[in-house]
Amino acid sequence: MRTLDTKEIENAVRRLAGKAGLTLTDSCRAALKRAEEREEGAAKFALSTLLKNEKIAQSEKMPVCQDTGMSVLLIELGQEVFLTGKPLAEAVNEGVRRAYAEGNFRKSVCDPLTRVNTGDNTPAHLHTEITEGDRVKITFLPKGFGSENMSRIYMLTPAEGREGIVRAICETVKIAGSRPCPPVYVGVGIGGTFDGCALLAKKALTREVGSENPRADVAEIEREALTRINALNIGAQGFGGNVTALGVSCEIAPTHIAGLPVAVNIQCHCVRCESEVL
């Protein structure tokens, strides 16, 4: 059994949140560069500007996007780890609180009814999973709501099958149009339950842009959906063009014989995700 003070988790969250606010993931940056090479005119200019924006953000240590997002934490907690110190959620929130204050990141969390801002971007949205071993993996995903608002859940019938899944993915992107600041990254959850498929979709966004699901049939859905989305001609920032989505990533889980839940979680072009293992 390994003992870990949650102060270490707090400090890790602070590091991850601070870095994520300033930079794109390597796979996102590479995907934007590939997209820029495929475009011309206004779409190419938009992509060039997005890439230039990130360079300035890093050099000036300024947020890479003005929407520094609601903090989503995915924590894989080894069952051989004994946590000491303050409760896990308190440690996570304190890490977020410190990072957003130190980075001068916009505080975007408020009460859903009164709309009164909490003032420090907490509480974070925390998902924990018990895993094997004595390590703790922390993944930080700041989620802006220009894209989050465009996400959808479908409760399909089993008869709709693979075609229904692809149709739901493409329909979500088409309805979103230019509002989520494309080119988007599309996370998809297939199966599970109403809430379970939404978490799968969120987890899908933590994968590298351009990666494929190891299951051949799921990878085929990813490829087909991406092809159809990029035929929509929405393009970078809505200017039209060949690249409306940088990638589609699907995660899958068993579901009930009577259902086929599908969640589509849209991420804007600004993919910010950082992980650390303690």
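Modeller: Two strands pair if DSSP finds at least two bridges between them. Keep in mind that this is a predicted model.

Biologist: In which sense do β7 and β8 pair, and over how many bridges?

Modeller: Strand β7 covers residues 184-192. One of its links joins G191 to A253 in β8. The two strands run in the parallel sense, and the bridges number nine.

Biologist: Which strands form the edges of the four-stranded open sheet?

Modeller: The sheet has mixed pairing and the order β6-β9-β7-β8. An edge strand pairs on one side only. That picks out β6 (152-156) and β8 (245-255).

Biologist: At what angle to β8 does helix α8 run?

Modeller: Helix α8 spans residues 216-230. It lies across β7 and β8. Its angle to β8 is about 145°.

Biologist: Which strands does helix α7 lie across?

Modeller: Helix α7 takes in residues 194-204. It runs at about 145° to β7. The strands it lies across are β6, β7, β8 and β9.

Biologist: Is the crossing of α1 and α4 left-handed or right-handed?

Modeller: Helix α1 is residues 6-20 and helix α4 is residues 88-102. Their axes lie 7 Å apart, at an angle of about 35°. Residues that meet include I9 and V13 in α1, with V92 and V96 among those in α4. The crossing is right-handed.

Biologist: Which residues line the largest cavity?

Modeller: The count gives one cavity of 30 Å³ or more. The lining has four nonpolar residues, two polar and no charged. Its members are L24, L50, N53, V64, H269 and C270.

Methods:
Residues numbered from 1 in each chain as written. Predicted model: local features only at pLDDT ≥ 70, side-chain atom pairs only at ≥ 80, totals over all residues. Heavy atoms only, no water. Axes fitted to C-alpha atoms, helices over the stretch in contact; angles between N-to-C directions. Left-handed = near helix turned anticlockwise from the far one by under 90°. Contact = heavy atoms within 4.5 Å. 1 Å grid on protein atoms, 1.4 Å probe; cavity = no way out; pocket = protein on both sides within 12 Å on 5 of 7 lines; lining within 4 Å. Points joined across faces, edges and corners; volume = space filled by probe spheres on them. Nonpolar A, V, L, I, M, F, W, Y, C, P; charged D, E, K, R; others polar.
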